[in-house]
Amino acid sequence: MTWSENSTQLDENLDWPTHGHYEHAHLYASREKVHTFASLPQLLTRQLDYAVIGAGPIGAALAYKLALDHPQRTILLVEKNWNEPDRIVGELMQPSGCQALEELGLGNVFSGIGAVPAHGYFISYRGKQLYVPYMDRPSGKEGRYKGVSFHHGRLVMNLRAACKAMNNIVCVEASVTELLGEHDKAGELRYVKGVKIGPAKSSGNGNDPEHDVFPQLTFVCDGITSQFRKELNPTKIELISHFCGFVLEHEPIPSGEHFSGPAGTIQSVATPESSLTNPLPMPHNGHVFLDGVGPLLLYQMSERETRVLADIPGGELPSEASGQLRRVLGESLSKAVPKHVYPGLNRLLMDTLAQSKRIRCIGCKFIPATSNRIDGAVWIGDALNVRHPLTGGGMTIGLWDVVILTKLLKENKGSMKQIKAQWYWERRPRALVVNTLSVALHSLFAAETKELGLLREACFIYLARGSHYTMHPSGFLSGLLPNPLLLIYHFFSVALLAVELRISGKSTAYQGGNLLLRVLSAFYTLFVAASVILPFLWKELQP
């Protein structure tokens with residue numbers, strides 16, 4: 001199956017191809033290699049060395065790499081639904097995530113699914129525009145890094161197809177219902193010795209047959225809604241905001257004139273009057289508009305489709321049944337994308353919102369990683385930790401978790417406990433930067449107070465300067481610059497710029513007051529900035 005006929009050849013990604021044939025395309029939707037729950041007793045006559053729970057992006061990539069590195073071992077990959085998933089996030093892969101896929105031998109999984117290269121981020125705020133391109137490639141290689149945007153489900157199916165092609169991966173459609181193991185006196189799980197597997201769909205009467213499987217090691221990769229995360233991290237989770245999503249449909253872009261540009265402030269962007277053509281100011285880029293109720297994020301999933309994710313801050317979502325949700329979204333979209341600046345995009349957004357039968361929403365949360373203290377199992381991907389999806393870093397962190405862990409398992413130096421400790425230490429810098437940045441940026445971009453509005457203004461001015469003011473933050477976003485100290489430096493540089501803007505009276509986001517009041521409020525803003533980033537840094541640094 002392929003969607004390449006819907007794509008133009010304007011912008012091929014030579015590092016991670018988005019056009020052309022995928023070698024495992026014949027297994028995309030094939031059920032031939034997927035075993036049913038009924039066949040599980042027969043499969044259990046084999047020695048199963050590893051069990052992977054969940055065949056999402058991380059679970060499928062992990063199973064594939066384990067099979068590649070250990071051809072003599074058998075991997076059980078359990079997924080309760082092998083049909084193409086349909087999600088409204090997880091549709092943009094940062095350049096660092098693409099690098100991780102290449103490391104895993106999966107660099108070609110974007111082929112044949114209508115994916116689109118991504119060059120960076122266009123940001124709009126109060127009538128001004130800036131561009132944050134991805135970082136330059138190392139010396140000796142021309143151009144900048146690229147990411148990729150796509151249909152989430154299509155990428156997952158390509159990853160699953162790669163698993164189906166491996167003879168030592170046993171793909172099963174079933175549901176893991178329990179982690180089997182030993183508990184301490186307090187009732188906490190201390191050792192996982194196996195998993196209990198039931199049918200993919202429960203009958204609901206409590207009489208479903210179940211089978212126990214006892215692999216050498218279990219990997220928990222059941223994603224953001226993980227039912228087993230509580231065994232590792234029982235902390236109560238609070239929602240930060242909601243992303244409300246729908247899809248714009250349009251014709252392909254006729255040229256690549258606005259695909260890229262200089263870092264910092266930009267003047268020339270596409271502003272089509274028609275809503276039929278690609279309406280984005282800079283196609284083949286992520287777009288962030290900051291003047292709505294919360295940040296508005298747009299990116300292409302193909303040459304003919306653009307995802308819209310409108311953020312509504314806070315844990316409570318307006319009611320769709322009463323019409324309040326659509327009213328809030330309509331107000332947010334019209335403010336973020338004003339008609340006189342982006343006529344074609346505004347018209348397409350408002351028309352699509354009015355015509356959409358259902359607005360899909362997802363809760364956004366932050367869950368810090370917890371050291372894998374439970375023997376016999378490893379939690380990985382969103383089952384381990386979660387960040388706000390605004391910056392699109394979730395799959396990047398999960399895939400690098402897979403790269404680091406599989407490398408250590410292949411080297412096989414020390415006990416499993418030592419390998420897990422080393423893995424947790426090596427994953428931390430990139431995870432800390434990407435995760436902390438996601439929630440810190442959301443706080444600034446949502447700007448629910450005057451102080452946060454001032455910080456948002458300072459952040460925009462800072463990024464518009466170009467040079468390292470733009471490119472280092474680009475490195476944080478893309479996962480290419482996993483340097484926590486540098487992140488802290490730039491964040492507080494933005495905070496100090498906010499102080500300067502307030503004291504000098506140059507801020508348009510926080511106006512009024514005499515000099516004394518401006519000084520006091522400026523330093524209170526510095527305190528607010530610290531309260532935004534430091535608690536999340538602290539949580540990420542916990543052992």
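This is a predicted model: local features need pLDDT of at least 70, side-chain atom pairs count only at pLDDT 80 or more; totals for chains, interfaces and linings use all residues.
**View 1. Helix α10 is mostly covered.**
This helix runs over residues 450-463. Of the 14 residues, 12 are buried, including Leu452, Leu455, Phe460 and Tyr462.

**View 2. Tyr125 and Phe460 make a tilted ring pair.**
The structure holds 11 aromatic pairs, and here's one of them: the ring centres of Tyr125 and Phe460 are 5.4 Å apart. Why is the pair called tilted? The planes meet at 50°, which falls between the 30 degrees below which rings count as stacked and the 60 above which they count as edge-to-face, so tilted it is. This pair links distant parts of the chain, with Tyr125 in strand β6 (residues 120-125) and Phe460 in helix α10, 335 residues apart. Tyr125 has a relative accessible area of 4% and Phe460 has 6%, so with the cut-off for buried at under 20%, both count as buried.

**View 3. Tyr469 has a ring partner and a charge over its ring.**
Tyr462 and Tyr469 pair up edge-to-face, 5.2 Å centre to centre with 90° between the planes. Buried or partly exposed? Tyr462 is buried at 3% relative accessible area, while Tyr469, at 27%, counts as partly exposed. The charged end of Arg465 also sits over the ring of Tyr469, 5.1 Å from its centre.

**View 4. Arg502 lies over the face of Tyr510.**
Look for Arg502 at 4.0 Å from the centre of the Tyr510 ring.

Technical notes:
Residues are numbered from 1 along each chain as its sequence is written. Side-chain values use heavy atoms; hydrogens and water are left out. Helices (H or I, at least four residues) and strands (E, at least two) are DSSP runs, numbered from the N terminus. The expected span of a helix is 1.5 Å times one less than its number of residues. Buried means under 20% relative accessible area, exposed over 50%, partly exposed in between (1.4 Å probe, protein chains only). Rings of Phe, Tyr and Trp (its six-membered ring) pair if their centres lie within 6.5 Å; planes under 30 degrees apart count as stacked, over 60 as edge-to-face and the rest as tilted. A charge sits over a ring if NZ of Lys or CZ of Arg is within 6 Å of the ring centre and within 35 degrees of the ring normal.
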